[in-house]
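Hi,

Here is the structure I promised to pass on. Have a look at it first, and then read on for what turned up.

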Amino acid sequence: MSITGVNDNQASGSGEVESHRIDADDDVAMKPERPASPPPIPGPSKTSSSDGTPAYKTRFMLSGHSRSISSIKFSADGGMLATAAADKTVKLWSTETGEILKTLEGHTEGISDVAWSPDGEYLASASDDKTIRIWSLEMMETVVVLQGHTNFVFCINFSPKSNLLVSGGFDETVRIWDVARGRTLKTLPAHSDPVTAVTFNHDGTLIASCAMDGLIRIWDAESGQCLKTLADDDNPICSHIKFTPNSRFILASTQDSTIRLWNTQTSRCVKTYTGHTNRTYCLFADFAPGAKHIVSGSEDTRIYVWDLQTRKIVQVLEGHRDAVIAVASHPTRRMLASASMEKDMTIRLWVDANSPP
Amino acid sequence: MNGVLSDPFTISYPTAVQTSLNSGASFAKFDPSGSYVAGGRPDGSAVVWDLDTKAPIRWLEGHVKAVTSVDWSRNSRYLLTSSKDWNVIIWDLASDTDPVRRRATIRFDAPVVSASFHPRNSQIVVVLLSPGDAYLVDLRKQYRSRVELCEIQEESEDEGQGSRARSTMTVVRFDPTGRYIFAGTSAGSNIVFNTRTKTMIARHKISGAGIIRGLDFAKGGRRLVTNSSDRVLRQFNLPIYMSSTAEGEYIEQELEPTYRFNDPINKNAWHAMAYSPDGEWLAGGAADNASHKIYIWDLANEGQFATALDGGPEPLLHVHWHPKKASIVSTTNVGNILVWHCPTPERWGAFAGGFEEVDENVEYEEREDEFDIEDESEIALRKQKAEDEEVDIDGLVEDQSSKPADLTQRVADDDEDIVWAIEESDDDHPGWRMKVVVEDDVDGL
């Protein structure tokens with residue numbers, strides 16, 4: 001499952017390819033040939049909701065990574081994009097111009113996840129070399145290396161105050177770190193399989209984790225005690241979780257090609273989103289800008305956008321030539337970012353043509 | 001937030017020490033958010049601890065003699081330290097620089113006993129100097145001033161008054177609204193000043209109290225507890241003061257305590273006391289030089305003694321209650337800050353999905369249709385229907401813990417005392433962030 005397995009061939013570290021801007025109208029040049037015609041996609045008009053259906057179009061196509069991209073995240077102010085890849089590097093891109101701003105090197109194995117600190121000071125990266133590196137965005141260098149995981153580190157996130165970091169990995173634990181001192185504060189024996197996602201809620205009092213054991217657990221951030229476990233009947237591998245902005249729900253992607261919205265208080269699944277393909281990789285899902293839609297990558301090379309309430313697919317974004325592992329939503333503007341695997345290795349930035357000015 | 005998920009049945013005072021912070025401090029106070037603790041040290045420095053990481057995050061070094069008090073501004077951005085070296089320093093924690101930038105240094109001509117911020121504007125500070133005089137310092141450009149708060153002495157009619165001499169102030173602080181300044185005196189009375197006019201508006205004699213040693217308010221500001229040299233803590237309900245009285249006019253009123261708390265066995269004096277955030281509990285730190293004891297009284301239950309927390313052999317110097325939670329910090333005389341919390345037992349049932357622990361056996365009643373075989377498509381349809389219900393992912397659930405905090409803010413905004421206080425506001429906005437400073441020498445500790 002690891003997209004950054006240690007035994008993979010070392011890809012030759014090809015030189016950085018200049019990112020190049022693609023004109024949004026110049027669609028022909030970048031649209032890959034599709035082997036089969038895609039299944040019918042519901043027309044946008046049919047499902048248009050009160051706030052208008054999104055119509056995301058490619059604004060930039062960026063390349064630079066030499067191996068599969070595993071994670072993509074917008075900075076808190078939306079000005080930058082960070083990508084992590086199996087090529088052991090983290091790259092920072094400008095969301096305005098699409099240029100590479102910086103390549104961060106230091107990890108000795110592939111990187112599975114990257115996270116911005118909410119205060120805009122730091123970036124963290126989780127690697128198969130069992131460490132987490134914290135990079136100062138001011139100095140653009142590693143300021144702390146967090147050591148403690150006994151196997152690949154797969155997922156990370158900062159607390160809202162940026163003083164804590166939570167990580168999960170193939171050693172099946174969740175660790176809470178003191179960012180300033182680079183030490184483990186707590187190790188939670190969280191799961192019985194690799195931990196695939198871990199995150200704080202909006203006020204930092206809860207931590208949620210999910211794993212290949214198919215369980216989603218909610219923890220008290222202060223005491224480290226398990227508060228509850230959300231589980232479906234047939235325990236499909238859970239790929240990714242994310243709290244809603246108000247922390248009342250958790251958006252969970254599972255490898256039965258389904259995304260579910262769980263009510264954390266009643267432990268009930270309140271929404272189910274289907275149509276995409278997710279059977280092999282840990283795909284990211286997110287709330288699209290405006291918090292009215294859900295967005296996720298898919299192993300069929302497309303990106304799906306659902307209406308949060310009606311659960312209908314409102315747009316399918318095409319363009320990538322391999323499974324789309326990572327998607328991310330811009331914090332303020334109607335913009336999405338997506339990244340694809342080995343056969344493609346490009347990053348696309350999508351802007352909603354229907355967005356209000 | 002997690003209150004919603006955790007057990008609703010919780011006792012609301014702490015019961016056990018969670019951590020001990022070795023800080024060299026002689027007293028420690030939570031910030032208004034409850035995320036940090038500031039401790040003042042006898043060597044003149046102060047230290048800010050992050051309670052999430054249980055690590056010191058800022059060292060404030062500006063005094064050359066013992067720090068006598070610390071106070072946090074309402075959104076925790078500014079921290080004030082007062083010292084025996086005649087200075088009060090206001091630190092700006094939003095500054096990235098190390099050492100932390102000072103916003104102001106206020107110099108006096110005597111050792112400073114205590115200083116505190118106005119609850120609505122950190123540019124207004126009330127200060128008590130060692131001989132027993134109080135000053136209101138206004139740092140705002142428009143009002144820049146330093147005014148001594150003077151007690152109006154009764155005109156001595158008989159010789160008994162004359163011999164009593166001038167009483168000195170022993171403790172001075174704002175009430176939670178900031179409209180009034182309360183001062184305790186060596187003559188066993190509480191004097192109330194209007195903050196804006198700086199005039200005395202009331203004097204409350206407390207018979208038998210002796211010297212007033214400390215004051216604390218319940219959150220709304222309607223109840224006051226005093227500590228005095230007769231080793232009794234007294235709680236009072238405060239009268240409502242007229243917003244404007246004529247010059248020189250004041251209320252002379254003796255207050256009758258609603259409760260008296262003392263230690264009938266050891267006859268201990270008290271170093272400090274603190275209300276719980278909901279005002280239903282009172283904690284008293286016993287001045288016992290062989291043990292570390294915090295007494296808790298249940299105010300909702302006629303002031304009954306609830307428990308005595310035992311913090312070990314290091315004598316207690318100070319206690320402060322968390323602004324939102326059942327947590328206390330108490331400081332020992334060797335400089336350890338004990339953080340008390342209310343431990344919740346691990347609920348192992350939480351590890352299993354859809355499993356609920358019960359305290360007692362419950363007779364299970366089977367529903368009539370519980371084991372009926374239902375058509376799968378029907379189940380799916382029902383699920384579909386249920387999923388049509390709208391969900392609100394943006395709106396925040398009302399946080400119970402933030403409610404009591406608002407009480408103090410709910411004073412009419414057309415109140416001229418409040419309007420005066422919030423003029424020329426400080427930059428203490430709720431959105432500021434304490435920058436995370438990565439330790440250079442991570443291993444060096």
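Predicted model: local features only at pLDDT ≥ 70, side-chain atom pairs only at ≥ 80, totals over all residues.

Let me start with a question: does B:R74 count as buried, partly exposed or exposed? B:R74 has a relative accessibility of 30%, so it counts as partly exposed.

B:R74 makes a salt bridge with B:D426, and the closest N and O atoms are 3.1 Å apart. B:R74 sits in the loop between β6 (67-72) and β7 (78-83) of chain B, while B:D426 belongs to the segment after α4 (416-422) of chain B, so this pair ties together parts that are 352 residues apart in sequence. B:D426 has a relative accessible area of 3%, under the 20% cut-off, so B:D426 is buried.

Another salt bridge in chain B joins B:R367 to B:D369, with 3.6 Å between the closest N and O atoms. B:D369 is partly exposed, at a relative accessible area of 43%. Over all chains, the salt bridges come to 31.

Now the interface

Some of those salt bridges run between the chains: 6 are found across the interface of chain A and chain B. On the chain B side, B:E387 lies in helix α2 (residues 376-387), and on the chain A side, A:R311 lies in the loop between β25 (303-307) and β26 (313-317). Both B:E387 and A:R311 are buried. The pair also belongs to a network of salt bridges that links A:R311, B:K383, B:E387 and B:D388.

As for the rest of the interface, the contact draws on 52 residues of chain A and 46 residues of chain B. Together the two chains bury about 4,200 Å², and 52% of that is on carbon and sulfur atoms. There are also 24 residue pairs in polar contact across the interface, both residues being at pLDDT 80 or more. On chain A, the strands β10 (141-147), β14 (183-188), β17 (216-220), β18 (226-230) and β22 (268-274) each give at least two residues to the side that touches chain B. That side of chain A is made up of 23 nonpolar, 14 polar and 15 charged residues.

The nonpolar core

The largest nonpolar core has 21 residues, and A:I72, A:F74, A:L81, A:I347 and A:L349 are the ones with the most contacts inside it. At least two residues of this core come from each of β2 (56-63), β3 (69-74), β4 (80-85), β27 (324-329), β28 (335-340) and β29 (346-352) of chain A. Leaving out residues up to four places away in sequence, A:L349 touches A:K57, A:T58, A:R59, A:F60, A:L62, A:F74, A:L81, A:T95, A:M335, A:L336 and A:A337.

Back to chain B

Chain B has 4 helices and 29 strands. Of its 445 residues, 48% are buried. Among contacts in chain B with a separation of 6 or more, 50% are between residues 24 or more positions apart.

B:S330 is in strand β28 (residues 328-332) of chain B. Which side chains does the side chain of B:S330 meet in polar contacts? One is that of B:H292, at 2.7 Å, and another is that of B:W340, at 2.9 Å. B:S330 is buried, with a relative accessible area of 0%. Apart from neighbours within four places in sequence, B:S330 is in contact with B:H292, B:I294, B:L316, B:H318, B:V319, B:N336, B:I337, B:L338 and B:W340.

The other stop is B:I206, in the loop between β17 (200-205) and β18 (212-217) of chain B. B:I206 is in a loop, yet at 6% relative accessibility B:I206 counts as buried. For a distance check in your viewer, the C-alpha atoms of B:I206 and B:E416 are separated by 30 Å, and the two residues are 210 residues apart along the chain.

Cheers

Conventions: Residues numbered from 1 in each chain as written. Chains lettered and ligands numbered in written order. Heavy atoms only, no water. Contact = heavy atoms within 4.5 Å. Buried area = accessible area lost by both parts, 1.4 Å probe. Salt bridge = Lys/Arg side-chain N within 4 Å of Asp/Glu carboxyl O. Polar contact = N/O pair within 3.5 Å; in protein donor to acceptor, adjacent residues only side chain to side chain. Nonpolar A, V, L, I, M, F, W, Y, C, P; charged D, E, K, R; others polar. Core = buried A, V, L, I, M, F, W, Y, C linked by side-chain atoms within 4.5 Å. Buried < 20%, exposed > 50% of the residue type's maximum accessible area, 1.4 Å probe, protein only.
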